[in-house]
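Student: I'd like a close look at one strand and what surrounds it. Keep it brisk, and define your cut-offs as you go.

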Amino acid sequence: MTTRLEAGQKAPAFTLPDQNGNPVSLSDYAGKKVILYFYPAASTPGCTKQACDFRDSLASLAASGYVVLGVSKDAPAKLKKFETNESLTFPLMSDPELTVHNAYAAYGEKSMYGKTVMGVIRSTFVIDEAGKIELALYNVKATGHVASLKGKIGLE
């Protein structure tokens with residue numbers, strides 16, 4: 001299992017295809033504050049709630065200089081459908097090999113319905129303009145997470 005990331009560490013670099021098949025790299029956002037979140041599966045109830053909360057908070061996040069990037073193991077075609085169905089307006093990246101999930105320790109053992117299973121650990125990272133992690137949050141809840149995150153970064 002990969003060691004969890006902590007504030008102050010350099011965020012692992014990545015390039016992944018988005019919902020349109022276009023490559024998206026962390027370096028594309030150098031000089032900007034990035035909220036990078038990992039979610040288990042597009043179009044599932046919890047992931048839909050979380051994505052819609054980010055969508056609905058995008059204006060206030062953008063006004064404070066943040067961009068939002070979502071990552072799942074779903075194929076770009078499934079992410080495109082998710083984007084269309086939920087009117088999402090931020091990049092959703094596909095990581096089927098779990099390379100980036102593993103680099104961020106967002107895949108591993110987790111408890112689900114009382115059983116230990118291997119899977120995506122719902123996680124969020126706030127990355128500063130210099131590419132350093134400001135905040136690393138693991139095992140976040142889908143519902144209420146964005147409001148909680150905004151409080152942690154001083155936006156509410």
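Which residue stands opposite F125 in β8?

Tutor: L36 stands opposite F125. Before going on, note that this is a predicted model: local features need pLDDT of at least 70, side-chain atom pairs count only at pLDDT 80 or more, and totals for chains, interfaces and linings use all residues. Residues are numbered from 1 along each chain as its sequence is written, and side-chain values use heavy atoms, without hydrogens or water.

S123, F125 and I127 point one way. T124 and V126 point the other way.

Now the partners. β3 and β8 are antiparallel, joined over five bridges (two strands pair if DSSP finds at least two bridges between them). β9, residues 133-138, is also antiparallel to β8, again with five bridges. There V126 has L135 as its bridge partner. Five residues lie between the strands of the β8 and β9 hairpin, where G131 takes a positive phi near 85°.

Step back to the sheet. It is open, has five strands and mixed pairing, and its order is β5-β4-β3-β8-β9. β5 and β9 each have a single partner strand, so one side of each is left without a neighbour in the sheet. Neighbouring strands are turned by 20° against each other on average, direction ignored (axes are lines fitted to C-alpha atoms, for helices over the stretch in contact; angles run from 0 to 180 degrees between N-to-C directions).

Next, the helices. α4 lies across β3, β8 and β9, at about 150° to β9. α2 lies across β4 and β5, at about 165° to β5.

α1 and α4 pack at about 35°, with axes 9 Å apart. On the α1 side, Q50, D53, F54, S57, S60 and L61 meet H145, V146, L149 and K150 of α4 (contact means heavy atoms within 4.5 Å). That contact holds four nonpolar, four polar and two charged residues (Ala, Val, Leu, Ile, Met, Phe, Trp, Tyr, Cys and Pro count as nonpolar; Asp, Glu, Lys and Arg as charged; the others, Gly among them, as polar).

Finally, two loops. S43 lies between β3 and α1. Its phi is positive, near 70°, in a residue other than glycine. S43 counts as partly exposed, at 41% relative accessibility. S87 sits in the loop between α2 and β5. S87 is not a glycine either, yet has a positive phi of about 55°. At 48% relative accessibility, S87 is partly exposed.

Notes:
Buried means under 20% relative accessible area, exposed over 50%, partly exposed in between (1.4 Å probe, protein chains only). Helices (H or I, at least four residues) and strands (E, at least two) are DSSP runs, numbered from the N terminus.
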